[in-house]
Amino acid sequence: MPLTSDADLRALLDSTKTIAVVGYSDDPNRASHEVAEALRGFGYTVYPVNPALKSMPDVTVYASLADVPQPVDVVDVFRRPEFLPGVVEEAIAIGAKAVWMQLGIVNAEAAARAEAAGLKVVMDHCMKVEHHRLMR
């Protein structure tokens, strides 16, 4: 079962140190950019992941989860639901501890696969909003 209780979400946020933001955008008006910057501001180490973007002087963007140079606690996903199975497989392959599907993103099959591999799963919640609500 995906995590839904405040206690479970708080525990995940509290134990997280590194986050890979899959589907990161360099456009500051996009939610993935805004959330990544907020998470960085909350003190997390954030790795933007998007194969279509080039790194910028102040931000290194990784083409895939496998390219992230450090173990990842949470894979925060900003991709359409049909892309979740592939993202989950990558998250499993790198040994991530959790997959967080952002607000509006639901894929029960991908969630079940992640859980079967031992990952925690959050669906249809914004990591920034939940952090602000539960951790402040």
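Angles between axes under 35 degrees count as roughly parallel, over 145 as roughly antiparallel, 65 to 115 as roughly perpendicular and the rest as oblique. The views show a predicted model, in which local features need pLDDT of at least 70 and side-chain atom pairs count only at pLDDT 80 or more, while totals for chains, interfaces and linings use all residues. Residues are numbered from 1 along each chain as its sequence is written, and side-chain values use heavy atoms, with hydrogens and water left out.

**View 1. The crossing of helices H1 and H5.** The axes of helix H1 (residues 6-15) and helix H5 (residues 127-135) come within 10 Å and cross at roughly 105°, and the two helices are therefore roughly perpendicular to each other. Axes are lines fitted to C-alpha atoms, for helices over the stretch in contact, with angles running from 0 to 180 degrees between N-to-C directions; helices (H or I, at least four residues) and strands (E, at least two) are DSSP runs, numbered from the N terminus. From H1 the contact (heavy atoms within 4.5 Å) involves Asp6, Leu9, Arg10, Leu13 and Asp14, and from H5 it involves Met127, Glu130, His131, Arg133, Leu134 and Met135. Sorted by type, the residues of this contact are five nonpolar, one polar and five charged, where Ala, Val, Leu, Ile, Met, Phe, Trp, Tyr, Cys and Pro count as nonpolar, Asp, Glu, Lys and Arg as charged, and the others, Gly among them, as polar.

**View 2. His131 in helix H5.** His131, which lies in helix H5, has 8% relative accessibility and so counts as buried (under 20% relative accessible area, with exposed over 50% and partly exposed in between, using a 1.4 Å probe and protein chains only). Not counting residues up to four places away in sequence, His131 touches Leu13, Phe42, Tyr44 and Arg136.

**View 3. The largest nonpolar core.** A nonpolar core is a set of buried Ala, Val, Leu, Ile, Met, Phe, Trp, Tyr and Cys residues joined through side-chain atoms within 4.5 Å. The largest one has 24 residues, of which Val49, Leu65, Val75, Ala91, Val99 and Met101 touch the most other members. Elements that each supply at least two residues of this core include strand E1 (18-22), strand E2 (45-49) and helix H3 (84-94), and the largest share, four residues, comes from H3.

**View 4. Val49 in strand E2.** Val49 is found in strand E2 and, at 4% relative accessibility, counts as buried. Its C-alpha atom is separated by 8.8 Å from that of Asp67, 18 residues apart along the chain.
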